[in-house]
Amino acid sequence: MNQRSKVTRSTKLGPEEREAALARVKTKELDILVVGGGIVGAGCATDAVTRGLSVGILEARDWASGTSSRSSKLVHGGIRYLEQLDFQLVREALTERGLLLKRLAPHLVKPVRFLYPLKTRVIERAYVGAGMLLYDTLSYLGGRPGVPHHRHLSRRQVQKLVPSLAHGALVGGITYYDAQVDDALYTASLVRTASFYGAHALSRVRVEGFIKVGERVVGVHAHDLETGERFDVRAKQVVNATGVWTDDTQRMVGERGTFKVRASKGVHLVVPRDRFQSAMGLLLRAEKSVLFVIPWGRHWLIGTTDTDWQLDKAHPAATAADIDYLLEHVNAVLTVPLTREDVEGVYAGLRPLLAGESEQTSKLARTHLVGHSVPGLVVIAGGKWTTYRVMAKDAIDAAVDALDGRIPESTTKNIPLLGAEGYQAAWNKRGKIARAFGLHTVRVEHLLNRYGTLTDELLDLIRETPSLADPLPGADDYIEAEVVYAASHEGALHLEDVLARRTRISIEAWDRGVSAAPVAARLMAGVLGWDSEREEREVAFYLNRVAAERSSQQQPDDESADRVRLEAPDIVASR
């Protein structure tokens, strides 16, 4: 095997791989260039490269730094779309849910059980029960669903399973299953998978314009925000997968887009698991949408809101009103209400919705569209996290239609993410692994459910430096090895990348990562070659981010929250 092949087939996405990718995209015309490093862009890169095409993917910030790290972290069919009679969307999403659970990423995607509380005895149980039966039926039509079917519960059974529910207003409930995922970690793993198969993946590289020959797009003008270098990338087809930034990207081409994307803000609260007792998550009805209470390790995720957002897309801000709205609705069913003091973390994300006739974003469709109105440029927009693979397939299908030669069909239905192969066998011997490394079994389970069989690579780090098994200050769920690994293997270039996305310390820790920041910066410095001044700078920028987010969450409206949040600039923007 020659040296170039070794780089191409590496599971690492570190500094050396970034340099190699830069060298290749500057000098080689690609078959496909993907713009946007969220879940759909990562899916497009993976789909294209596994068809045998030469592929590059550019992301202006960090992988999944936009919508794809700020979702409800659910892989689901979307029960509420049954009421909208969108059976095709639900079936498609449930088919993808089964694929992710059983084949593509069993280490990252896990079943999660929900309760739908019932308030009336006959009509509501019959209506909701029929919906749940249809939900299960549609999941079986797509193959093995990977989760149990729904069940009806009596009032007494609900009381036993969810002691903290205010049972006076309930007559029973229905339980059903969906799945959940660490959305940011999944996206980073998908980018690594694309890189493993030969894609040239570059984060912190911003597209600042498109290269056109006549009316045809033949590449982009790129700006490496890490070094300041500007260069061109040539490609036979460019795929615009920029989510809520779709319209902005389209304007760079000088053409009016064929469809428009509206941003809907969704806010989530993170609450410690011990604040109320429940053996499962909750699905609650709100005036405009549904509210989820989702088990998340030692926490609950409570969300979401659904409001129009027209301000800064990079840093959507949660307001005091958003937080109060969520607390009010969840407290309506709890015996002991939650307060602002119980809220450990808050995050806000933007859904990229295809603009329609409705003025309410909650009524816009979650379907996706592919456009090819400008030669050489494919646009993919809309959709939902769960169906990213189908969206990517459709986008690359459109792109390859314009390429010469016979291009193979999509193969991503049968290509697991890195770490998925052999996961069940590794899980079955987790006790032996723990004893061999002197770790608690729970710690090994944590690693297996984040890295799958790639856990061996973290254990190798611990074998070389045993202190890397130490937990991070203020974030006991994570160990030092995970920070080193994020920088050496997962493409993390800044402290925020690790604390906000490779781990979820920024929303799971009471201090939002303030205690962990200096230690994590020191560990990253050893991989990325930072000096002490750079370490201090990274920590200072992260602390400013935390302070700005906390302050914005005390503001009464979007405008004031946005203004306060933007007082903490991005670290690369200040270079």
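How do the residues of the lining of the largest cavity divide into nonpolar, polar and charged? The model is a predicted one, and in it that lining consists of 8 nonpolar, 5 polar and 6 charged residues. Several elements contribute at least two lining residues each: strand 16 (345–354), helix 17 (495–502), helix 18 (505–508) and helix 20 (532–552).

Of the 13 residues in its lining, Glu496, Phe541, Tyr542, Arg545 and Ile571 are the closest to the centre. Helix 17 and helix 20 each supply at least two residues here, and helix 20 gives the most, with 4 residues. By class, the lining of the second largest cavity has 6 nonpolar, 2 polar and 5 charged residues.

The aromatic side chains come next. A search of the whole structure gives 10 aromatic pairs. One of them joins Tyr186 and Trp385, edge-to-face, with 5.0 Å from centre to centre and 70 degrees between the planes. Tyr186 belongs to helix 8 (residues 183–196), whereas Trp385 sits in the loop between strand 18 (377–382) and helix 11 (388–400), so this pair ties together parts that are 199 residues apart in sequence. Tyr186 is buried, at a relative accessible area of 0%. Trp385 also counts as buried, because its relative accessibility of 11% is under the 20% limit.

Phe196 and Tyr197 form another pair: their ring centres are 5.2 Å apart and their planes are at 80 degrees, so this pair too is edge-to-face. Is Phe196 buried or exposed? Phe196 counts as buried at 15% relative accessibility, while Tyr197, at 31%, is partly exposed. Elsewhere, ring pairs link Phe114, Tyr135, Tyr176 and Phe292 into a cluster.

Charged groups also meet rings. The charged end of Lys26 is placed over the ring of Phe231, 5.3 Å from the ring's centre. Arg273 lies over the face of Trp300, at 4.5 Å from the ring centre.

Key:
Residues numbered from 1 in each chain as written. Heavy atoms only, no water. Nonpolar A, V, L, I, M, F, W, Y, C, P; charged D, E, K, R; others polar. 1 Å grid on protein atoms, 1.4 Å probe; cavity = no way out; pocket = protein on both sides within 12 Å on 5 of 7 lines; lining within 4 Å. Phe/Tyr/Trp six-rings, centres within 6.5 Å; stacked < 30°, edge-to-face > 60°. Buried < 20%, exposed > 50% of the residue type's maximum accessible area, 1.4 Å probe, protein only. Lys NZ or Arg CZ within 6 Å of the ring centre and 35° of its normal.
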